[in-house]
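Subject: Structure for you to look at

Hello,

Here is the structure I promised to pass on. Please open it and keep it beside this email while you read.

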Amino acid sequence: MNAYERPDTYERLGSPGCRQCEELRDEEVQARREFDHSRAVDCRVLLRRHLHHDSPAPPAPTAPR
């Protein structure tokens, strides 16, 4: 994490318990650690677009535009 990032600025995207959402969140965290901001953004976009969860829980709400 660099000086301009705060850990609380990232919203929790995806559905809890969904394997694909968990993988994308983990990849995003790794990308931020490596300062690969492009890959981190790609992960967040994929999380927002991922509609078919393997969990009965509804997807987490996203921030309004």
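Start with the two helices: H1 and H2 are roughly antiparallel to each other, because an angle over 145 degrees counts as such. (Under 35 degrees is roughly parallel, 65 to 115 is roughly perpendicular, and the rest is oblique.) H1 covers residues 19-33 and H2 covers residues 37-49. They pack at an angle of about 160 degrees, and their axes are 8 Å apart. Axes are lines fitted to C-alpha atoms, for helices over the stretch in contact, and angles run from 0 to 180 degrees between N-to-C directions.

The crossing of H1 and H2 is left-handed. That term applies if the near helix is turned anticlockwise from the far one by less than a right angle; clockwise is right-handed.

Which residues of H1 and H2 make the contact? From H1, they include Cys 21, Leu 24, Arg 25 and Ala 31. From H2, they include Arg 39, Cys 43, Arg 44 and Leu 47. Contact means heavy atoms within 4.5 Å. By class, this contact has seven nonpolar, one polar and six charged residues. (Ala, Val, Leu, Ile, Met, Phe, Trp, Tyr, Cys and Pro count as nonpolar; Asp, Glu, Lys and Arg as charged; the others, Gly among them, as polar.)

A word on sources. This is a predicted model, in which local features need pLDDT of at least 70 and side-chain atom pairs count only at pLDDT 80 or more, while totals for chains, interfaces and linings use all residues. Residues are numbered from 1 along each chain as its sequence is written, and side-chain values use heavy atoms, with hydrogens and water left out.

Arg 25 sits in helix H1. Arg 25 is buried, at 7% relative accessible area. (Buried means under 20%, exposed over 50%, partly exposed in between, with a 1.4 Å probe and protein chains only.) Leaving aside neighbours within four places in sequence, Arg 25 touches Arg 12, Leu 13, Gly 14, Ser 15, Pro 16 and Leu 47.

Arg 44 belongs to helix H2. Arg 44 is also buried, at 19%. Its C-alpha lies 9.8 Å from that of Cys 21, 23 residues away in sequence.

Asp 42 is in helix H2 too. Asp 42 is partly exposed, at 44%.

Last, the whole chain. It has two helices and zero strands. (Both are DSSP runs numbered from the N terminus: helices are H or I, at least four residues; strands are E, at least two.) Of its 65 residues, 28% count as buried.

Best wishes
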